[in-house]
Amino acid sequence: MTVVRKTIGERLAQLEAQRKTLQIRLGKQERAIDTRRKVLIGALVLHRLENDRDVRIGAGLAAWLRSELPKFLTRDADRDLFDDLLEPRPHDPSLGDIGIGSAAS
């Protein structure tokens, strides 16, 4: 039985293909971690807006978001997601009840 040996060029090509596959996998992993971090930070901010009894934190955070979000959000569809945060409520300047389900109230 004869064993066919790959040439150095063939082995290099195989290693390069493996490297590309691993690079793609690493990129996906990094994006997943980045997305998870963003979700957790967003959950913390929404939790603070909904539940923080310290008016300075809630009102300060809400005011900061009203100031910064319009500059950060570039797409109309993204802005629409934050209508409840961007429009101050006359009866609740701290926006303490903003969050999931607040659009219906």
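**Entry 1: Arg66 and its helix**

I looked up Arg66 and found it in helix α2. I took helices as DSSP runs of H or I with at least four residues and strands as runs of E with at least two, numbered from the N terminus. The model is predicted, so local features need pLDDT of at least 70 and side-chain atom pairs count only at pLDDT 80 or more, while totals for chains, interfaces and linings use all residues. Residues are numbered from 1 along each chain as its sequence is written, and side-chain values use heavy atoms, with hydrogens and water left out.

I then checked accessibility. Buried means under 20% relative accessible area, exposed means over 50%, and partly exposed lies in between, with a 1.4 Å probe and protein chains only. Arg66 counts as partly exposed because its relative accessibility is 22%.

Helix α2 covers residues 55–72, and its 18 residues should span 26 Å at 1.5 Å a residue. The C-alpha atoms at its ends are 25 Å apart, which agrees.

Where does α2 bend? The bend is at Arg66 and is about 25 degrees. Pro70, a proline, follows within four residues. The angle is taken between axes fitted to the seven residues ending at a residue and the seven starting there.

**Entry 2: What is buried**

I listed the buried residues of α2 as Gly58, Leu61, Ala62, Leu65 and Leu69. Their cover includes α1 (8–51) and α4 (83–86).

Next I looked up the largest nonpolar core. Such a core is a set of buried Ala, Val, Leu, Ile, Met, Phe, Trp, Tyr and Cys residues joined through side-chain atoms within 4.5 Å. Which residues form the largest one? It has seven: Leu49, Leu61, Ala62, Leu65, Leu69, Leu73 and Leu85. Helix α2 gives the most to this core, with four residues. In soluble globular proteins, nonpolar side chains tend to be buried together.

**Entry 3: Salt bridges**

I counted a salt bridge where a side-chain nitrogen of Lys or Arg is within 4 Å of a carboxyl oxygen of Asp or Glu. By this rule the count is five. Side chains of opposite charge can pair when their charged atoms come close.

Glu16 pairs with Arg19, and their closest N and O atoms are 2.8 Å apart. The two are three residues apart in helix α1, so about one helical turn separates them. Glu16 is partly exposed at 31% relative accessibility, and Arg19 is partly exposed at 44%.

Asp34 pairs with Lys38, with 2.9 Å between the closest N and O atoms. Both lie in helix α1, four residues apart, about one turn of the helix. Asp34 is partly exposed at 35%, whereas Lys38 is exposed at 56%.

Glu68 pairs with Lys71 at 3.3 Å between the closest N and O atoms. These two are three residues apart in helix α2, so about one helical turn separates them. Glu68 is partly exposed at 30%, whereas Lys71 is exposed at 57%.

**Entry 4: The chain as a whole**

I found four helices and zero strands in the protein chain. Read along the sequence, the pattern is α-α-α-α. Of the 105 residues in the chain, 17% are buried. I took a contact to mean heavy atoms within 4.5 Å. Among contacts between residues at least 6 apart in sequence, 33% join residues at least 24 apart.

Last, I checked pLDDT, the predictor's confidence in each residue, from 0 to 100. The chain averages 83, and 83% of the residues score at least 70. Confidence is highest in α1, at a mean of 95, and lowest in α4, at 84. Over residues 93–105 the pLDDT is below 50. Beyond near neighbours in sequence, that stretch has 30 contacts in the model.

Technical notes: Expected span 1.5 Å × (residues − 1).
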